[in-house]
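This report covers the fold, the core, the ligand shell and the backbone geometry of one protein model. The sequence and structure come first.

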Amino acid sequence: MTDGEMPASTAGYAAEADALVAPYEALTLEQVHRQFLDLMPDRPGRALDIGAGTGRDAAALAARGHRVVAVEPVREFRERARLVHPDPAIEWLDDALPELSRLAWRDVSFDIVMLTAVWMHLDAAERARAMPVIAGLLAPGGLLTLTIRHGTVPPGRRMFEVGTAETLGLAAANGLATRRVLENQAAIIPRPGIRWTRLAFVRPGSRRRGRSRASAQGPDQAAVRTDMVEKWRAGEDSNSRPPDS
Ligand SMILES: C[S@@+](CC[C@H](N)C(=O)[O-])C[C@H]1O[C@@H](n2cnc3c(N)ncnc32)[C@H](O)[C@@H]1O
């Protein structure tokens, strides 16, 4: 992507950015990602929100103590988001899938990467190019969440029907283990004709320890326990559907 060039996947958003601030900000991360909360890192780390929109989730991740990179290709969203969430822990970045060409230059990895209501804006070829880029940004033990919309396409937007098998296959091909598969889900504010798929993956490995007062002062038994639990979970249920799927 070059300066000023907007990907086709963002069709309709610049013109509607003003109107979308209120509905996007009316929800909370805890509502939208209720089914992922137990998987989320419980210690401050690095978070990446791709297609961050008005910054609702980026701000909530920052409030949880994470340093956040919020990628958003639509200038109108970035401008509004900075006003609504003027948090110095959030870095706003003008970048876009599938390449994330600006972020990809950095030597950085993330403990959590979120793609909320973004994946279905990419066509099949873009999704295939994007997954290795996204997987490569996950730290060992890092969590990737995707929510994918199905059904009516709002006028002026570009969306594709994305099958779950395709996403599971792309994730597996790029070394990610499936942690949650939730299909045919209602929207948070239920709307006729709209369903959601919610998926979570992890990069196998031990999650790195977040910074805490305790770890700065000496051995941190809580972090050791967290690592053990994560290893146990990864071994126990990677690549299988948990009871709540
Ligand atoms: C439905 S909005 C979701 C915004 C936010 N994640 C939320 O849940 O409120 C979809 C977002 O995807 C972004 N988007 C579209 N194409 C993208 C791409 N190629 N790379 C990154 N973000 C993209 C749009 O600009 C928009 O902010």
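## Contacts and core

Apart from neighbours within four places in sequence, valine 113 contacts Leu48, Ile50, Ile134, Leu137, Leu138, Gly142 and Leu144; a contact requires C-beta atoms, placed from the backbone, within 7 Å. The model is predicted: local features need pLDDT of at least 70, side-chain atom pairs count only at pLDDT 80 or more, and totals for chains, interfaces and linings use all residues. Residue numbers start from 1 along each chain as its sequence is written.

Val113 and Leu144 have the most contacts inside the largest nonpolar core, which has 49 residues. Such a core is a set of buried Ala, Val, Leu, Ile, Met, Phe, Trp, Tyr and Cys residues joined through C-beta atoms within 7 Å. Strand 5 (residues 138–151) supplies the largest share of this core, 6 residues.

In the protein chain, 37% of the 245 residues are buried. Buried denotes 20 or more other C-beta atoms within 10 Å of the residue's own, exposed 12 or fewer, and partly exposed the range in between, with C-beta atoms placed from the backbone. Of the contacts in the protein chain with a separation of 6 or more, 70% are between residues 24 or more positions apart.

## Strands and crossovers

The protein chain contains 8 helices and 7 strands. These are DSSP runs numbered from the N terminus: helices are H or I with at least four residues, strands are E with at least two.

Strand 2 (residues 67–71) has 4 of its 5 residues buried. Strand 1 (residues 46–50) pairs with strand 2 in the parallel sense over 5 bridges, where pairing requires at least two bridges found by DSSP. In strand 2, valine 71 is the bridge partner of isoleucine 50. Between strand 1 and strand 2 the chain passes through helix 3 (residues 56–63), in a right-handed β-α-β crossover. Right-handed describes a path from the first strand over the helix to the second that runs clockwise with the strands pointing away from the viewer.

Strand 2 also pairs with strand 3 (residues 90–93), in the parallel sense over 4 bridges. Valine 69 is opposite glutamate 91 in strand 3. The β-α-β crossover from strand 2 to strand 3 goes through helix 4 (residues 75–84) and is right-handed. Helix 4 has Phe77, Arg78, Arg80 and Ala81 as its buried residues. These buried residues pack against helix 1 (13–25), strand 2 and strand 3.

## Ligand shell

The ligand is surrounded by 21 residues, of which Ser9, Gly51, Gly53, Thr116 and Ala117 are the closest. A residue is near a molecule if its C-beta atom, placed from the backbone, lies within 6 Å of it. The shell divides into 13 nonpolar, 6 polar and 2 charged residues. Nonpolar covers Ala, Val, Leu, Ile, Met, Phe, Trp, Tyr, Cys and Pro; charged covers Asp, Glu, Lys and Arg; the others, Gly among them, are polar.

## Backbone geometry

Most residues other than glycine have a negative phi, and most peptide bonds are trans.

| Residue | Phi | Location |
|---|---|---|
| Leucine 100 | about 45° | loop between strand 3 and strand 4 |
| Asparagine 184 | about 55° | strand 6 (residues 177–186) |

Leucine 100 counts as buried because 21 C-beta neighbours lie inside 10 Å. Asparagine 184 is exposed, since 9 other C-beta atoms are within 10 Å.

The peptide bond joining leucine 97 and proline 98 is cis, with omega about 10°. Proline 98 lies in the loop between strand 3 and strand 4 (110–116).

Methods: Two residues are in contact if their C-beta atoms, placed from the backbone, lie within 7 Å.
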